[in-house]
Amino acid sequence: MGLLSKKDAALITDPFADNNPITIQVLGICSALAITAELKASIVMAVSVLFVMGVGNVVISLMRNIIPSKIRIIAQLIVVATLVIIVDLVLKAVAYDLSKTLGAFIGLIITNCIIMGRFEAFALANGPWRSFLDGIGNAVGYGVILILVGFFRELLGSGTLLGFKVLGDPIEKTGLYALGYENNGFMLLAPMALIVVGIIIWIQRSRNEALIEEN
Amino acid sequence: MGLKQNLHNLKEKYKGTKMAPAFNAIHTFLYLPNETTHNGTHIKAADDLKRTMNIVIMALVPCLIFGMFNAGYQHNAAINGFTEGMSFFSGDFWNLDNLLIGAAKILPLVIVSYGVGLIVEFIFAVIKGHEVEEGYLVTGMLVPLIVPIDLPLWMLAVAVIFGVVIGKEVFGGTGMNILNPALTIRAFLFFAYPTWMSGDKVWVADARELTGTADAISGETMLGSLAQNAQSSFSNWDMFFGFIPGSVGETSTLLILLGALFLIFTKIGSWRIMLSAVIGALVMGFVFNQVVEMGWIGETSKFYGLMSLDFWKHLLIGGFAFGAVYMATDPVTASQTNKGKWIYGFLIGFISIMIRVFNPAYPEGVMLAILLMNVFAPTIDHYVVQGNVKKRLKRAKVKTA
């Protein structure tokens, strides 16, 4: 960590665990529920948010002294919207099928609470380098949970990982399916995603002493 | 004295250790503890939580035994043909052959349900260091009664773990749960493994294995065939006695009625909830009948089959009676105020029949109706209490003025 001072390093590591945007701040839940039925979609979403967060935070930080505070939300929205359109167009050009399955959700990155939250709470008050680290940290914290949820939902719901049939073929009854195993259709529904996120929060809170509340 | 004293000694030995709750649970399951209270208020009552739970289980046992006979009867009748106009004590139904087929299928369900559920309860009691709570005793009995007979045991085990942990323990255990755990378990199964929980291949034992062979059998439930506008061959008495395909223990309206009387007599179940649920179902059924009568819905409509069913017959088919008597009255998840109970029960009946008719994907609405009203029960109570407070304040003002 020669590159980063201790304070700067905390910007990246904090959101990863003790101040995770999804499990602790409970932001960005909507997309965590909507697109995590497949691992691939989760990964693409995580990378997209990583790009938007990192670049967006830097841009806002650079403009922080010239944005009038009365119209700062609109200014922030324009920055996010621009970045999201870039992501959307790149996806359409590079991976058209995937962009179709993600559909509206790439566009809805604009409304992801984490992004606006970090702009407001951090980028408006800090320099570009620190804002960049903060953006990357939060996006990674978000992405890790997204990928974790996507992993369990795809594995238990469809029996596949990134489209590979890791548990055998459900129609020809090979692998686990030969023993009578069946996919759990509930895993593919959004309510179960909420429960999976809840279980992650439960495990994290009971293991991390700093987060245990007094009662 | 022997067993009781031994258990007491065992309990003393493990006092203060982590495993103590596990031994206490075994001790107090059938015996009163040896300790007496020394100070403070003494409340003497014969019924504690365990006794209450045992009474509900007693009310459920007839349904379980009937379910075993019925499972065998449905299996044999699907192959050899149904007996017409059977009386309740017919030898065609109550015979050893039927019982053996049914018991072989149903006892494993009961064992898995209790085994897995109690293990989860014990683990949580030991980790959290509280006494083992009795809440699972009734849930464990309800679960095998409300699932299709051919349900694979591992699915039941997964669902029980989910239901007990997510439905109950995360809220703080028995008495704190918002949703009825037995219905949470069934809802999990229903959404996770829909092919094992609905259709015409799951309600009769071995229907799935026999598919495609010469003995192929199919058993639609009454609701299933009515939802497809098909006529059913069962008579009203068959429906009332319970000689119809369905989940294991919910088919016999007669036995459920007896269970209901027993619960009301022992003051365990709330008669307000049961009665208002029945009224709610009848009202909704009657409204649908009138809609058909007015000619707004023709025979071509996909709702015709269930809408034109005489409104009182809704009480005889499906799991409505079972749900209204054994699940809606769960004292933890139901409304607590008397006025609230009327509203809560009425809406359960009303919504059950509505889901039944309007959503063919969910042939039985009572599960979802009860879960929905479980969520709203505290809200109902809140407004009942607030209404009462307002009324009294008004009265006080009039007097002082």
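This section describes the chains of a predicted model, their contact with each other and the packing of selected helices.

The structure is a predicted model, with an ipTM of 0.82 and a pTM of 0.85. For chain B, the mean pLDDT is 83, and 90% of the residues in chain B reach 70 or more.

Chain A contains nine helices and zero strands. Read from the N terminus, the order of its elements is therefore α-α-α-α-α-α-α-α-α. The C-alpha trace of chain A extends over about 65 × 50 × 35 Å along its principal axes.

An unreviewed UniProt entry annotates parts of chain A as "transmembrane region", namely residues 41–62, 74–95, 101–119, 131–152 and 185–203. Two of these spans are described here.

Within chain A, helix α8 (residues 128–158) packs with helix α9 (residues 190–207). The axes of α8(A) and α9(A) come within 10 Å and cross at roughly 120°. With angles of 65 to 115 degrees counted as roughly perpendicular and those over 145 as roughly antiparallel, α8(A) and α9(A) are therefore oblique to each other. Their crossing is right-handed. On the α8(A) side, the contact involves A:Ile145, A:Leu148, A:Val149, A:Phe152 and A:Arg153; on the α9(A) side, it involves A:Ala193, A:Val196, A:Val197 and A:Ile200. By class, the residues of this contact are eight nonpolar, no polar and one charged.

In chain B, two helix pairs were examined. Helix α6 (residues 153–167) and helix α7 (residues 181–192) of chain B have axes that come within 8 Å and cross at roughly 130°. The two helices, α6(B) and α7(B), are therefore oblique to each other, and α6(B) passes α7(B) in a right-handed crossing. The residues of α6(B) that take part are B:Met155, B:Ala159, B:Val160, B:Phe162, B:Gly163, B:Val164 and B:Gly167. They meet B:Pro181, B:Thr184, B:Ile185, B:Phe188 and B:Leu189 of α7(B). The contact of α6(B) with α7(B) comprises nine nonpolar, three polar and no charged residues.

The second pair in chain B consists of helix α12 (residues 271–293) and helix α15 (residues 338–358). These helices pack at an angle of about 40°, and their axes are 7 Å apart. The crossing in which α12(B) passes α15(B) is right-handed. Among the residues of the contact between α12(B) and α15(B), 18 are nonpolar, seven are polar and two are charged.

Between the chains, eight residues of chain A are in contact with eight residues of chain B. The side of chain A that touches chain B is made up of four nonpolar, three polar and one charged residues.

Notes. Residues numbered from 1 in each chain as written. Chains lettered and ligands numbered in written order. Predicted model: local features only at pLDDT ≥ 70, side-chain atom pairs only at ≥ 80, totals over all residues. Contact = placed C-beta atoms within 7 Å. Nonpolar A, V, L, I, M, F, W, Y, C, P; charged D, E, K, R; others polar. pLDDT = per-residue confidence, 0-100. Axes fitted to C-alpha atoms, helices over the stretch in contact; angles between N-to-C directions. Helix = DSSP H or I, 4+ residues; strand = E, 2+ residues; numbered from the N terminus. Parallel < 35°, antiparallel > 145°, perpendicular 65-115°, else oblique. Left-handed = near helix turned anticlockwise from the far one by under 90°. UniProt positions renumbered as here; feature names shortened; annotations may be inferred.
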